[in-house]
Amino acid sequence: MEISIYDLLPKEEQKEYKQKRYTSKFRQTVKEEYVGGRGDYRTMGQAKVPVPTTDNFLKKHEKEAVLPKKEKFTYPDEDRRRPPVPERTDQPLMGLKTTKNFITTNAVENITSVPKKPEKKFADTRNGDTHNLIPSGLEPVFVHKKDFGETPHYLIKRREEMQRAQEEYDAYIAEHFRRGALRCLTVDERRSIIDGLKANWEDIHEQYQGLSVVTDTTPKKNRKERMEAQMKQLEKDIELFEKFNTIYIGN
């Protein structure tokens with residue numbers, strides 16, 4: 001510790017102040033309840049014990065539950081309920097009489113009635129479980145439709161449109177024939193054109209086979225692509241001429 005001259009000066013005494021002890025706000029209430037809740041004979045018994053009487057004893061059926069008085073049961077909708085079934089001993093009213101012979105009438109109805117057809121069913125298990133056949137999809141129900149076997153309307157409409165388009169095309173061709181603007185190729189001309197196209201394809205294909213395998217320069221690449229495009233166009237032309245037997249050309 002360092003020694004200083006200021007330590008010789010008189011110092012004012014500092015007093016220590018203690019905080020007040022905590023006191024609950026329910027202290028008085030608890031004290032009153034504790035003191036005032038004591039009974040007269042809570043621990044030591046009654047001050048004066050009453051003498052038991054002679055009739056204060058357990059009697060027979062005294063602890064049994066007392067049931068309410070039995071009343072007649074009635075339904076809430078008693079006025080809307082049907083009358084009870086008559087007893088066997090009740091005699092029906094004999095005021096109404098009839099001359100109808102029920103036996104003869106029933107016999108005639110059964111003789112003249114059409115026998116009921118059995119339902120179509122199928123069994124799907126070895127135990128013989130049966131189901132209705134019609135909703136299962138196994139019965140051809142569509143054959144019983146009114147329009148079965150008739151051509152659908154959309155096919156008739158499409159056929160009429162195709163026929164009308166063909167008639168318009170035939171009229172167009174006939175008009176150009178009349179003017180002399182179109183000419184039909186003969187069989188020999190068509191065959192010679194096809195042979196010429198195939199010969200050109202063979203010539204280009206032979207040149208294509210002689211190309212270099214490695215196309216490392218731009219001219220080689222362009223030449224290869226040009227020859228492939230020519231062969232593809234020739235193949236389309238050959239397919240077109242072989243597909244149609246009648247071909248028209250303009251004069």
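Does His61 count as buried, partly exposed or exposed, and at what relative accessibility?

## His61 and the basis of the model

At 51% relative accessibility, His61 counts as exposed, where buried means under 20% relative accessible area, exposed over 50% and partly exposed in between, with a 1.4 Å probe and protein chains only. His61 lies in the loop between H1 and helix H2 (102-112), and although His61 is not a glycine, its phi is positive, at about 60 degrees.

This is a predicted model, in which local features need pLDDT of at least 70 and side-chain atom pairs count only at pLDDT 80 or more, while totals for chains, interfaces and linings use all residues. Residues are numbered from 1 along each chain as its sequence is written, and side-chain values use heavy atoms, with hydrogens and water left out.

## Aromatic pairs

A search of the whole structure finds 2 aromatic pairs, where rings of Phe, Tyr and Trp (its six-membered ring) pair if their centres lie within 6.5 Å, and planes under 30 degrees apart count as stacked, over 60 as edge-to-face and the rest as tilted. The rings of Phe73 and Tyr75 have centres 5.0 Å apart and planes at 80 degrees, so this pair is edge-to-face; Phe73 is exposed at 62% relative accessibility, whereas Tyr75 is partly exposed at 39%.

Phe142 and Phe148 form a tilted pair, 5.9 Å centre to centre with 50 degrees between the planes. Phe142 counts as partly exposed at 49% relative accessibility, and Phe148 counts as partly exposed at 47%.

Key:
Helix = DSSP H or I, 4+ residues; strand = E, 2+ residues; numbered from the N terminus.
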